[in-house]
Amino acid sequence: MLGKGGTSASRTKRRNGVLANAALLAYTAFALFPLFWIFLMSLKVQRDVIATPPKFFFTPTLANYAEVLSRPDFLTPFKNSVIVTFGALFLSALIALPAAYALARMEFRGKEDLAFAFLSLRFAPELIILLPLFVIYQSFGLYDTYIGLILIYQLITFPLMVWMMRSFLEDVPKELEEAVQIDGGSWFTSFRMIITRIALPGLAASCVLSFIYAWNHFVFALVLASQRTQVITGGLLQFISFEQIQWGSMAAGVMLAIVPEFIIAVFALRYMIRGLTAGTVKG
Amino acid sequence: MNQSRRLPYLLLLPGIVLLLAVLYPFLSGVYWSFTDFDLTLGQNPAFNGLDNYVEAFRPSGEGLHSILITFAYAALAVTAQLLLGFGVALLLTREGAHIKVFRALIVLPLLMPPVVATMMWRVMMTPDGVLNYMLSWVYLPPFDWLGSTSTALFSVVLIDTWIYTPFVILILLAGMQSIPTEVHEAARVDGASYAREVWNLMVPLLRPFFVIVIVFRGIDSLKMFDIIYTATRGGPIDATMNLHVQSYFTGIRALDIGSSMTFLVVLWVLCYALAFLLLRARRGRLA
């Protein structure tokens, strides 16, 4: 049966392709709609926010952004998040880089067990460490301090960095160390060469993804910080706990909190995907 | 050569120190779960054996209720995400420039703070919110998404699914791309239908990837805190109160450290049981 559009088999194939794209489009709409809706909300005046039925068309305003950026209960947590996240990243990189290098480039006894022990930090319910620390931190004066938070953030940034960096360091061919050794260089020569040149993009991506995970984290600061060092996630949650809910400013705060992440993420998406699955499959 | 044999341990030393540092609060906490430690009473914790555990598993007690909610939440979330993620991953194995765009866009929910994502959904799930408005377009009655005991658990699972299905998609997609094309060609030469090819060929080959998804998503949803705390605080009337959220209110708010640590130890055992499943699967593949 040959029609104008080709054989019936090819017509079925084309129809399946259209159906598949429609299904993908539907899922993508599901994934993006909340972001789109909150973005719209951040541009609405209060009257438009609470309108029933909800409004898709309105006169946009930037007033919510101006308002949020002048509020200390947004700016202080934002600043705290920057301090804690970068502090935690710096400390984690110091600990994780040598560890990842050893796990990726050297053979020794107990290697996989240690690697798994590091990963298992990620599997514990956070409060099983946090609740004792809540008691311990008070007596050591670490409660509601930057140092206290940076230390506990290692629970999330360290395992992620070790596993992601390890996977990038394993990509470098083994011949490199041999060549360095023939030239009379030590292990440190190879270490320096690998981390400053060959594996640099991967290592940078590990830091970026750890940044996102640390930035997104909530429960550490919920338990171990109070007003002084509260981070952005906890700070934003305060916005909807008040009686007079200013949905517009909350939406603007949400957009300001996630937009930096998305910009970074889009630039490094190829590496991101590797990182999001770190410790699971070899990318 | 002696120096080079010690070198890896030297490089790992800071990491090992961190592991040991975590052990101190962890072991203190486990010990407290066998005591009547309560900060409101201010007395020194006294050992009370298994009292807290007996109380936690008492029929129709709040501990047992939280355990059941913990399981229900994890089972619903993992099942929904596995099915949806597998379907979308299959669609994304095709070629084309537009597929690359889809792949980039669907990752976005995974990159935002779960607390913030949940706040977005809370806004949309209010009785006058946009979700109910959209339901009215197709003549469906409105829901009280997070406000009613019969729908709250499903609503928080929906939020979890929105955030974490991309993770399942990424893992399964990596698995599907690792299957050599010859395998697919052989199946087609044998005249296998697409459904057969998926069920009899891909599903068995993807087994290790399913294990990874179930372990990672299983653990994360057993210990889910951010979404439930932000959406409902365990309510309405404990309808979404899982072990992790329960332990927060018992320990941090009510300062009953002993009981709270008991809930956490039970939860920890559940999570690590799943983690050892992963360890065994890993060992199996190495052997």
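Predicted model: local features only at pLDDT ≥ 70, side-chain atom pairs only at ≥ 80, totals over all residues.

Q: How many residues of chain A are in contact with chain B?
A: The count is 69 residues of chain A, in contact with 66 residues of chain B.

Q: Which element gives the largest share of the chain A side?
A: Helix H1 of chain A, residues 8-42, supplies 12 residues of the side that touches chain B.

Q: And how does that side divide into nonpolar, polar and charged?
A: On the chain A side, 58 residues are nonpolar, nine are polar and two are charged.

Q: Switching to the backbone. Where is the cis peptide bond?
A: Between B:Gly235 and B:Pro236, with omega at about -10°. B:Pro236 sits in the loop that runs between helix H12 (226-231) and helix H13 (243-253) of chain B.

Q: What about phi of B:Arg233?
A: Phi is near 55° there, which is positive although the residue is not glycine. B:Arg233 also belongs to the loop between H12 and H13 of chain B.

Q: Why is B:Arg233 called partly exposed?
A: Because 13 other C-beta atoms lie within 10 Å of B:Arg233, and partly exposed falls between the limits of 12 or fewer for exposed and 20 or more for buried.

Q: And phi of B:Asp238?
A: Phi of B:Asp238 is near 65°, again a positive value in a non-glycine residue. B:Asp238 is in the H12 to H13 loop of chain B. With 17 other C-beta atoms within 10 Å, B:Asp238 is partly exposed.

Methods. Residues numbered from 1 in each chain as written. Chains lettered and ligands numbered in written order. Contact = placed C-beta atoms within 7 Å. Helix = DSSP H or I, 4+ residues; strand = E, 2+ residues; numbered from the N terminus. Nonpolar A, V, L, I, M, F, W, Y, C, P; charged D, E, K, R; others polar.
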